[in-house]
Amino acid sequence: MVRTLSLVGLAATVAAQFNINHTQYGTSPPVYPSPQMSGAGGWEGALEKAQAFLAELTTEEKAQIVTGTAGPCVGNIGPIERLSFSGLCLQDGPLAIRQAIYASVFSAGLSSAASWDRRLVRQRGAYIGAEFRGKGAHVALGPVVGPLSRSPFGGRNWEGFSPDSYLSGVLVEESVYGIQSAGVQACIKHYIGNEQETQRNPSTVNGTTIEAISSNVDDKTMHETYLWPFANAVRAGTASIMCSYNRINGSYGCQNSKTLNGLLKDELGFQGYVMSDWLATHSGVASIEAGLDMDMPGGITFVIPNPSFFGGNVTTAVNNGSLSTQRVDDMVLRIMTPYFHLKQDVDFPPIDNFSSRLGFFPASEYLYNFTLGPIVDVRQEQHAQLIRDLGAAGTVLLKNANGALPLKTPKNIGVFGNDAADLTQGQYSLSSTGTTLFQGDYNIGTLAVGGGSGTGRFTYVVSPLEAIKARGRSYGAIVQYITDNEYLTLGGLAALAPAPPEVCIVFLKSWASEGSDRSTLIAEWNSTVIVNQTATLCNNTVVVLHGAAPNTMPWRDNPNVTAIIAAHMPGQESGNSIADILWGDVDPSGRLPYTIANEETDYAKNLVNSTALVTSTDPDAWQADFVEGNLIDYKEFDARNASVAFEFGFGLSYTTFNISNLQVQVNGSNASRTPNPAAPVRPGGNIELWATLATVSVTVSNTGSVSGATVPQLYLSYPEEANAPHRSLRGFEKVVLSAGISGTLNFPLTRRDLSYWDTRTQQWTLPTGAIEVHAGFSSRNLPLRGSLTV
Ligand code: NOJ
């Protein structure tokens, strides 16, 4: 797999890859040359079109295709009118077309993960794709599987899915299929090890450049945890992948030949293109040789005074022989093949006019004439319905005592907390922190999505209060509410003493955004005081948390707190989604895609930050050694056998379920321990890795009295040889069952699912002993057990 360095003149790159000042926890040995694409796996016809297109290009035009330019979108590739190529428009982000108006704001990745619902997540992708296409955006900059959520404090975890690589892998795959089914290119980001916001980019201290954080990851952990979901995305045919700001094992994400050439293009057989995160390119030829195909945002002059490392430098390098035409041609083919594959050359809508008002670039910087179309409304009735459904499906019921929920018809309802209210400081949270306009973490207003480039511009938000008032009104209830947390803290609830509500619903929120990590895992704005005060007044207090997760809950055992709901980031229909759950129109079928610890300090923090580091003048000071290996989130708690508040995979329904009859079927015994090395590599890797080697089935029954949905889960414990976590998720399915009804579920297990990464042989390897199989309803509620030998 690892090729020897076959190019001369790359001393700088090699030096950059071997960090000389720091003993590396992980290493990224050099892998050159950059593998050429072949179109294998379904892009053969599109590759022919791309080759014909390439044949018409001058060297300058090739450089143009691989370099961003000023334009109306957040990223732009300039048009070539002579060839009827109108350029490429790249837009954020994972949950909405951010740089747009009259577009929907969907549920965040976090809510999608909590739904554990493949069907809804694929549908979400398809609708997001349709909105991008409608606005003339060729590339959707999402979904996110980096960060994977190594640290519960990670500021961008909510943009992605789950710290569990298997769950993230399934959901990113569904998302890619969905987005690309609408004819829009997906861009999986941020590759790889982008696990903290703090020092994600270089800084300057006393005039010295301090390099970005280096995520130092060993080979086993890289394969089994961080690369895993990217493999799913590649298998699903993602058009592009965005390399990250951070360094990996000492080498910047966009010039790390091991991760780009070695893992992505060679081992996973990725056929598309690698684009840089915005200003994440730190060299020209060295990055190109290491596998970077497109520089973004490219040739700008106003953000930093330097032009792109690509652009004219690519032409010069080709002309003076320091860069081969072959490599540049491969970059162009990688970019143009998905464009033809998704038929973006035929009747693609023009770029929506609105984008340019919010552009990364002022119009004075434009070098090309981009064709702009009218401002179009891409929202649809069914998009709003899906957002409402997914918002509810991603809502997790954690506690439900004394039959508190679902609500029947309480005549006197209390609603408290700043998160219940309508927005009060605008509908667009681009800035992460500080006092600038568009700051998202303001006091009064519900938190339906996070901030930064992964946010969306709301055309409306249904607040929880608005939805609850509408419900109450429908049957003549009164709704008493206080949404000013400061007033509540000062004792504002006293006003309700003469008419105490039958149920008090407290809405809390936890802000998170690109650009900074979370400083606490306890909901903000005095949440603990507000819950305790409400519970003193009201012996039927329901607490709902919106925003980033996980959150610890110091009040969770208070007997007057009868119900707790983690409602995550539902998007524009937030209030309707929560009302559907509260009143029982929808059975809560969300399950935790992460662990909730008893105390904040119970988590492994896994975040590098300190005053000493911030003031250090050592350019190489920022190092994150991923010494915990695969043991993140539940795998870490399980390894310590530590108690938790609510475990990974947990969630309650309004009905009860039983699971029985675990059966294991192995497709032929004595499979070879490793995939046949002669088998073709297709997007996703050696094709044998994806063959189903065994199937586990279970029977699930709804034993309650109402219809409901649940998520049966399958976990494997590998023999010692695998040096694997105690248990690893390897199957799940959301099932809807009427009361009294049973169904059978099959969990197919691929070779990859059953293997571990052998660092010595550099192969996915099946363990020789028996693999234990566990099935149940959470990572710690696994009543069924079996064993499997392949
Ligand atoms: C930087 C972010 O990291 C990335 O996710 C985003 O797509 C670009 N900025 C463009 O906004």
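Select threonine 710. At 1% relative accessibility it counts as buried; buried means under 20% relative accessible area, exposed over 50%, and partly exposed in between (1.4 Å probe, protein chains only). Threonine 710 sits in strand β25 (residues 708-710). Strands (E, at least two residues) and helices (H or I, at least four) are DSSP runs, numbered from the N terminus.

Now show what surrounds threonine 710. Leaving aside residues up to four places away in sequence, it touches Arg591, Phe657, Val700, Glu733, Lys734, Val735 and Phe777. Contact here means heavy atoms within 4.5 Å. With arginine 591 there is a side-chain to side-chain polar contact of 3.2 Å. A polar contact is a pair of N or O atoms within 3.5 Å; within protein, one must be able to donate a hydrogen and the other to accept it, and residues adjacent in sequence count only if both atoms are side-chain atoms.

**Before going on**

This is a predicted model, in which local features need pLDDT of at least 70 and side-chain atom pairs count only at pLDDT 80 or more, while totals for chains, interfaces and linings use all residues. Residues are numbered from 1 along each chain as its sequence is written, and side-chain values use heavy atoms, with hydrogens and water left out.

Colour the chain by pLDDT, the predictor's confidence in each residue, from 0 to 100. The chain averages 94, and 95% of the residues score at least 70. Residues 1-20 fall below 50; beyond near neighbours in sequence, that stretch has 42 contacts in the model. Residues 434-438 are also below 50, with 7 such contacts.

**The ligand**

Select the ligand next. Which residues come nearest? Of the 14 residues around it, Asp92, Arg156, Lys189, His190 and Asp277 do. A residue counts as near if one of its heavy atoms lies within 4 Å.

The side chain of aspartate 92 has an N or O atom 2.5 Å from one. For histidine 190, a polar side-chain atom lies 2.7 Å from a ligand oxygen. For lysine 189, the distance from a side-chain N or O atom is 3.0 Å. On its own the ligand has 300 Å² of accessible area, and the protein covers 95% of that. Such areas come from the Shrake-Rupley method with a 1.4 Å probe; for residues, only the protein chains shown count as cover.

**Helix α7**

Go to residues 219-226. This is helix α7, and 7 of its 8 residues are buried, so the rest of the structure largely encloses it. The buried ones are Lys220, Thr221, Met222, His223, Glu224, Thr225 and Tyr226. What covers them? Show α6 (165-181), α8 (228-235), β9 (247-248), α9 (257-267), β30 (756-758) and β31 (763-765), which are included in the cover. Then look at the N-terminal end of α7. Aspartate 218 caps it, with a side-chain oxygen 3.2 Å from the backbone nitrogen of lysine 220.

**Two nonpolar cores**

A nonpolar core is a set of buried Ala, Val, Leu, Ile, Met, Phe, Trp, Tyr and Cys residues joined through side-chain atoms within 4.5 Å. The largest has 121 residues; select Met275 and Met336, which touch the most other members. Helix α12 (residues 325-341) gives the most to this core, with 8 residues. Not counting residues up to four places away in sequence, methionine 336 touches Ala50, Phe53, Ile65 and Phe85. Move on to the second core, which is separate and has 55 residues, including Ala523, Val543, Ile596 and Ala645.

**Backbone stops**

Most residues other than glycine have a negative phi, and most peptide bonds are trans.

- Proline 297: the peptide bond from methionine 296 is cis, with omega near -5°. Proline 297 is in the loop between α10 (285-290) and α11 (312-319).
- Proline 550: the peptide bond from alanine 549 is cis, with omega near 0°. Look in the loop between β18 (541-547) and β19 (561-568).
- Leucine 279: phi is positive, about 70°. The residue lies in the loop between β11 (273-276) and α10, and is partly exposed at 32% relative accessibility.
- Asparagine 402: phi is positive, about 55°. The residue is in the loop between β14 (396-400) and β15 (412-416). Is asparagine 402 buried or exposed? Exposed, with a relative accessible area of 68%.

**Last stop**

Select aspartate 484, in the loop between β16 (478-482) and α15 (485-489). At 32% relative accessibility, aspartate 484 is partly exposed. A polar atom of its side chain lies 2.9 Å from the backbone nitrogen of glutamate 486.
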